[in-house]
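Have a look through them with the viewer open.

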Amino acid sequence: MGKRNKPKFAVGDSVVILINGIVGIVTSVKEFNHAFLYEIQGAEGVYTESALIHVQEFEGLLFETEQINIDYKYFFGDLVQVKGYGKDIFKVIGFRTEIWRYQEESWEDVIYELSRIDDEEWLECSEDDLNFLADAKDAEKFLAKYQEAKRHSQKGKRKQKELLELPDPKGSNEEEQAMINHLLDIYNDYRILKEFFGDESYERVMKTAIQKLKKFVSQKQDK
């Protein structure tokens, strides 16, 4: 009876996979048709003895396996704003990780793919360029509020020019009341914009509307 072959590598041995230079630990040894097959930690599939070599015997360049944990700040459907794009709102539609390795340094970059809500323009940028607005589960409610604010913004821009001149306090009671309502309408439109966008310029318009309203009411009372 011939002598039975013994495996060249044992569980726990550090080996190099010759096809890619990856270093790993033998986790399993199996025999099949009088040949030994090996499973290596961190590598898929099984390897024959000819595909492996002990680390001590390997003289080439070693690439040690590593486990990389990426902390994604944003996910599919999240709403964000992008530096340099003002108040435009974008939705996260994808993301990827770029892994960089050099002899003296290493890092990972997370790149997000975005679609602008207003016109679906595609954009990709790094995590540092994004400001969080709402996660995917709250996105629909947030966008409804955003559309309302946009309507008030368009209305408010038309009305803002009318604040440059003091309304004429002369006229019928109906005309005077209409002017008061008009100023209150401007104030309310810009209050909603201020609450949504947080821009101080909206607050300045609100203050101007109140000042003109007070002056108008005062002139009306002095008639």
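Where is serine 115 found?

1. Serine 115 sits in strand β9; strands (E, at least two residues) and helices (H or I, at least four) are DSSP runs, numbered from the N terminus. At 15% relative accessibility serine 115 counts as buried, since buried means under 20% relative accessible area, exposed over 50%, and partly exposed in between (1.4 Å probe, protein chains only). Leaving aside residues up to four places away in sequence, serine 115 touches Ile89, Phe90, Lys91, Ile93, Glu120 and Glu121, where contact means heavy atoms within 4.5 Å.

2. Some ground rules. This is a predicted model, in which local features need pLDDT of at least 70 and side-chain atom pairs count only at pLDDT 80 or more, while totals for chains, interfaces and linings use all residues. Residues are numbered from 1 along each chain as its sequence is written, and side-chain values use heavy atoms, with hydrogens and water left out.

3. Now the overall layout. The protein chain has 3 helices and 11 strands, and along the sequence the pattern reads β-β-β-β-β-β-β-β-β-β-β-α-α-α. Of its 223 residues, 29% are buried. Take the contacts between residues at least 6 apart in sequence: 52% of them join residues at least 24 apart.

4. Next, the inside. The largest nonpolar core has 11 residues, including Tyr74, Val82, Phe90, Tyr112 and Leu123; such a core is a set of buried Ala, Val, Leu, Ile, Met, Phe, Trp, Tyr and Cys residues joined through side-chain atoms within 4.5 Å. At least two of its residues come from each of β7 (79-82), β8 (90-101), β9 (106-116) and β10 (122-126), and β9 gives the most, with 3. Apart from this core lies another, of 9 residues, with Phe9, Ile17, Tyr38 and Ile40 among them.

5. Not counting residues up to four places away in sequence, leucine 123 touches Val82, Tyr85, Phe90, Tyr112, Glu113 and Leu114.

6. On to the rings. There are 10 aromatic pairs, counting rings of Phe, Tyr and Trp (its six-membered ring) with centres within 6.5 Å; planes under 30 degrees apart are stacked, over 60 edge-to-face and the rest tilted. Phenylalanine 75 and phenylalanine 95 pair edge-to-face, 6.0 Å centre to centre with 85° between the planes. This pair links distant parts of the chain, 20 residues apart: phenylalanine 75 is in the loop between β6 (63-64) and β7, phenylalanine 95 in strand β8. Tyrosine 85 and phenylalanine 90 have ring centres 5.6 Å apart and planes at 90°, so they are edge-to-face too. Within that pair, tyrosine 85 is partly exposed at 30%, whereas phenylalanine 90 is buried at 0%.

7. Last, the charges. The structure holds 9 salt bridges, each a side-chain nitrogen of Lys or Arg within 4 Å of a carboxyl oxygen of Asp or Glu. Arginine 96 and glutamate 113 form one of them (3.6 Å, N to O). Arginine 96 lies in β8 and glutamate 113 in β9, so this bridge ties together parts 17 residues apart in sequence. Lysine 137, exposed at 67%, has a salt bridge with aspartate 135 (3.9 Å, N to O) and another with aspartate 138 (3.3 Å between the closest N and O atoms). Asp88, Arg116, Asp119 and Glu121 are linked in a salt-bridge network.
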